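Biologist: I'd like to go through this structure with you. Could we look at what packs inside and which side chains pair up?

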Amino acid sequence: MSRLEHDRYCDEIAHQVRQLRAVVTSGAELSGTVPTCPDWTLEELVRHTGGALRWVELLVRTRAETEIEPSRVPGGAGPEAVGDPAALDAWLAQSGEAVVAALREAGPDAKVWAWSGINDAGFWARRMTHEVTVHRADATLAAGLPYDVAPEVAADAVDEWLEIVQFVQRALPDDPAGELRGTGRTLHLHATDADPELAAEWLIELAEDGVVWRRGHEKADVALRGPLTSLLLAFYRRLPLDSADLEVLGERELLEFWLERATFG
């Protein structure tokens with residue numbers, strides 16, 4: 001499946017930042033722990049996300065040829081005031097506006113350093129879309145608020161995650177993802193509520209040389225079925241497999257093996 005258009009990613013970053021800002025100003029306890037990222041409070045999660053946006057904005061705006069240390073990003077740490085939702089909201093708004101403007105100005109083909117080896121602004125538009133989409137889920141779940149995401153964005157997030165697994169297997173052989181190899185054992189992800197035209201089903205094979213995958217409805221050693229948003233969150237380890245709207249068929253241990261090793265990001 002092809003990626004979304006560059007402008008669509010830019011639009012989605014802006015949308016996701018607005019949604020995350022709504023959590024910040026919802027009255028949620030900023031000092032509360034985020035269950036899906038238990039090392040962070042809600043405020044720390046938001047600062048991490050806004051800092052990542054500002055880091056990418058600097059990379060793209062300057063057409064960086066090498067990595068820039070996050071500590072060098074102006075305003076990357078967030079507002080001086082701690083526990084102030086208004087200050088955090090304003091900083092996050094500025095962060096989102098700046099990165100979207102930089103990405104739109106650059107266009108998808110502008111050359112920019114990236115850790116993935118895909119050295120263009122298009123990579124960062126896609127990466128930041130899903131960075132904010134998933135961390136908004138963390139924040140929303142922590143605040144006890146409802147969460148949803150556009151189907152095409154959710155499906156693309158699954159695609160990107162699988163591509164990251166493949167990249168990590170190539171570039172970081174000692175990472176736990178390197179253990180996701182085998183003699184052809186397979187996993188199937190099946191979104192039960194998606195439009196058939198979206199083709200929101202995936203067949204993942206743990207091949208000897210690494211993970212290979214494709215979109216499609218095929219038999220597998222284990223299948224994970226459920227609404228697309230829930231499928232996305234479970235695949236990103238944000239939702240337990242025992243959740244009421246998910247169904248695991250076949251070798252649950254294989255799915256757990258996958259989830260335990262695809263833990264980066």
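What follows is a chat about cores, a helix, ring pairs and salt bridges.

Modeller: Residues are numbered from 1 along each chain as its sequence is written. This is a predicted model, where local features need pLDDT of at least 70, side-chain atom pairs count only at pLDDT 80 or more, and totals for chains, interfaces and linings use all residues, while side-chain values use heavy atoms, with hydrogens and water left out.

Biologist: Which residues touch the most other members of the largest nonpolar core?

Modeller: By nonpolar core I mean buried Ala, Val, Leu, Ile, Met, Phe, Trp, Tyr and Cys residues joined through side-chain atoms within 4.5 Å. Buried is under 20% relative accessible area, exposed is over 50%, and partly exposed is in between (1.4 Å probe, protein chains only). The largest core has 43 residues, and the ones touching the most other members are V60, L103 and W124.

Biologist: Which element gives the most residues to that core?

Modeller: Helices here are DSSP runs of H or I with at least four residues, strands are E runs of at least two, and both are numbered from the N terminus. Two or more core residues come from each of α1 (6–24), α2 (42–61), α3 (85–106) and α4 (121–143). The top giver, with ten residues, is α2.

Biologist: What does V60 touch, leaving out residues up to four places away in sequence?

Modeller: Contact means heavy atoms within 4.5 Å. On that basis, the partners of V60 are A102, L103, A106, V112, A121 and W124.

Biologist: Is α2 largely enclosed or largely open, and how many of its residues are buried?

Modeller: Counting along α2, you find 20 residues. The helix is largely enclosed by the rest of the structure, because the number buried is 17 of the 20.

Biologist: How far apart are the end C-alpha atoms of α2?

Modeller: The expected span of a helix is 1.5 Å times one less than its number of residues. For the 20 residues of α2 that should give 28 Å. The model agrees, with the ends apart by 29 Å.

Biologist: How are the rings of W55 and W124 arranged?

Modeller: Rings of Phe, Tyr and Trp (its six-membered ring) pair if their centres lie within 6.5 Å; planes under 30 degrees apart are stacked, over 60 edge-to-face, and the rest tilted. The structure holds eight such aromatic pairs. In this one the centres are 5.4 Å apart and the planes sit at 80°, so the arrangement is edge-to-face.

Biologist: Which parts of the chain does that pair tie together?

Modeller: Both W55 and W124 are buried. They are 69 residues apart in sequence, so the pair ties together parts in helices α2 and α4.

Biologist: How many salt bridges are there?

Modeller: A salt bridge needs a side-chain nitrogen of Lys or Arg within 4 Å of a carboxyl oxygen of Asp or Glu. One network of them links R3, R126, D156 and E163. By this rule the count is 22.

Biologist: How far apart are the closest N and O atoms of E57 and R61?

Modeller: E57 and R61 are four residues apart in helix α2, about one helical turn. E57 is buried at 12% relative accessible area, whereas R61 is partly exposed at 48%. They form a salt bridge, and the closest N and O atoms are apart by 2.5 Å.

Biologist: Which residue forms a salt bridge with E179?

Modeller: E179 is partly exposed, at 45% relative accessibility. The closest N and O atoms are 2.8 Å apart, and the partner is R261.
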